[in-house]
Structure formats: structure tokens, C-alpha cells
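I opened this notebook page to record what I looked up in one structure.

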Amino acid sequence: MQNTNHKINEDIGDNMLQKMISKYAPYWPLFLIAILVSAAAAFTYLHFVVPVYEAKATIIIKDEKKGNEDSKLMESLDQISSKKIVENEIEILQSRTLMMHVVEDLGLYAPVFEQGQVHSISAYALSPVNIVSPNPDSLFVSDDKIFFTYDKKNQIVSFNNKYHFPINQLCNTPYGILKFVPNKYYDASDTVKRTFYFQLQSVNGITESLLENLKADASSKLSSVIDLSFRDQVPERAADILNQLLRAYDMSSIYEKNQLASNTLSFVQDRLGSVSHDLDSIERKIQQYKSGRDAVD
């Protein structure tokens, strides 16, 4: 009885499969076309879309006012104050001022690209040189592609075979004063023939675009640790931006401490001068009093 039921089920399954095959078999060209189109779309997407990388860093915020045991106890009881300190530092890390320093220090206002057959890609880690300027705001900002070549033997950068500039020197170019410095990521053994060009962009514009890719959050509600992350198409550039941002943050903190120390010292010196003048006046009055009263022989 069981064998009979099993055979009936197999017959029913075979009949259903045959019906499905006979129903959709005439449409097999459509299925083939759909598969080919999907494969072509996937290949095109992977070929043209530039991947985005994420660099991460962690910073610990220390409150230097809380140095003794009593203050540490107050800190543990006053979590709101500690949270405010972390929130303030997050705002500083995400400020335009710090990111503007990053843009200027790394020369991100003069990005270098590699000309491709389909589209251009960033040559941040491929270019033999980076471009910097002592005064980025004075540069001629333009979307024009400035093609250049690099003579490795003579250490010369040339524009359109017309202008020639040595590296590591300030050069008066048609676009402003520029300096071409060796790229630390450049592989001198690279034999691939590449076409490079750079563009000059505004510091403010680059700063705004970079801030959109920066994220800073406290690791937890009661933590003094801040997690930083930055997303970019070039992993080396993402890491450099975070590292330079932390350097700018440290320099900003040092500058504020120096300013506070300088102001405090100036105030103390003014007060000491005033007190010294008062003491001298009092001393003279004492001497006059003793002399007038014949208190001194």
C-alpha cells in the first residue's frame, strides 16, 4: 500500500514538472536574454563604480581639571558634566577650522587624477608628486585639467611640454605659486605609463565636502572615548585625513593652553608690578614716619 502511494506521488510530481517545462519552454530565449542583461549590468556596475573605504580612529578625552581624588569622585557622580566635555570636543573635531587645516596641510585643494579611458580616478597614491602652495587662497581656482609629466631622472615637472619646474622648490606657475613635493606612496618601480593631471579647487569647498564624510561619536553615553571614522575612495587618503585631523586637534589644544598660560602670566606680572609699587610707597611712608619721630638714630 505504501509503495503504491509513493508511486502515485512520483507520477504526480513528474506530470507537474513536464507541464511547467512545456509551459515555459517556448520562452527560453527571453530567459537567456534576461540572464545576459543581468550579467552585463553586474559587470558594468563593478567596473564603473568606485569602492568607498572607511578609516577609523579613537581618541580619549581627558579633563585636566580633575586631578585629585575628590575631583575624581565628583566626576563619577556628575556624569552630565563629563558628557558635556565629550560633546564639546566632538564639536571641535568636526569644526571647519580643524578640517581646513587638514586640507591645507595635505594639499587636498590640488587633487591629482589619473586619466582613464572611461573615467578618471584619484591618483593620491599613484602620482609621483603632490602639489602644495604657501597660500592656497591666492591660487587660480578652476575645473580645468592641468596635465603634467614627471621626469624622474632630472626631478622635473612639466606642463604641456611648455613649463618646467623643479621639485621641492616654490615655483611661480601660471596658476599661482606652487611647490611639487615627492609623494610618499609613489612606487618608483612602477613601469605602467599613466597620464596625470591636477585641478585647483577652493579650500572652503573641499573642507565642506570632507566634513560630510567625517563622523565622530562617543563610544557610549558615559564614556570619555570618541570614535572617529572617515569614508573615502582612497584608503591612504582616508587614513592621512584622520591622522592629520588628530594632529590639528592636538596643536589646537596646545595653542589654547599656551594662550591661557600667556594671559595668566601677563595678569600675574601686572598684579606684581602694582603690588610692588604699593609696597615701595608704604616703605617710604614708614621711613618718613620713623625719621619724623626720631625712631632711628
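The entries below follow the order in which I looked things up.

**Basis.** I worked from a predicted model, in which local features need pLDDT of at least 70, side-chain atom pairs count only at pLDDT 80 or more, and totals for chains, interfaces and linings use all residues. Residues are numbered from 1 along each chain as its sequence is written, and side-chain values use heavy atoms, with hydrogens and water left out.

**Helix H5.** I located H5 at residues 96-106 and found Leu-98, Met-99, Val-102, Val-103 and Leu-106 buried (under 20% relative accessible area; exposed is over 50%, partly exposed in between, with a 1.4 Å probe and protein chains only). Down the axis of H5, these buried residues fall within an arc of 145°, so they line one face of the helix; the arc is that of the directions from the helix axis to the C-beta atoms. Helices are DSSP runs (H or I, at least four residues) and strands likewise (E, at least two), numbered from the N terminus.

**H5 against H6.** I found that H5 packs with H6 (residues 203-211) at an angle of about 115°, the axes being 9 Å apart. Axes are lines fitted to C-alpha atoms, for helices over the stretch in contact, and angles run from 0 to 180 degrees between N-to-C directions.

**Loop residues.** I recorded a positive phi of about 55° for Gln-155, which is not a glycine. Gln-155 lies in the loop between strand S5 (142-151) and strand S6 (156-159), and is partly exposed, with a relative accessible area of 32%.
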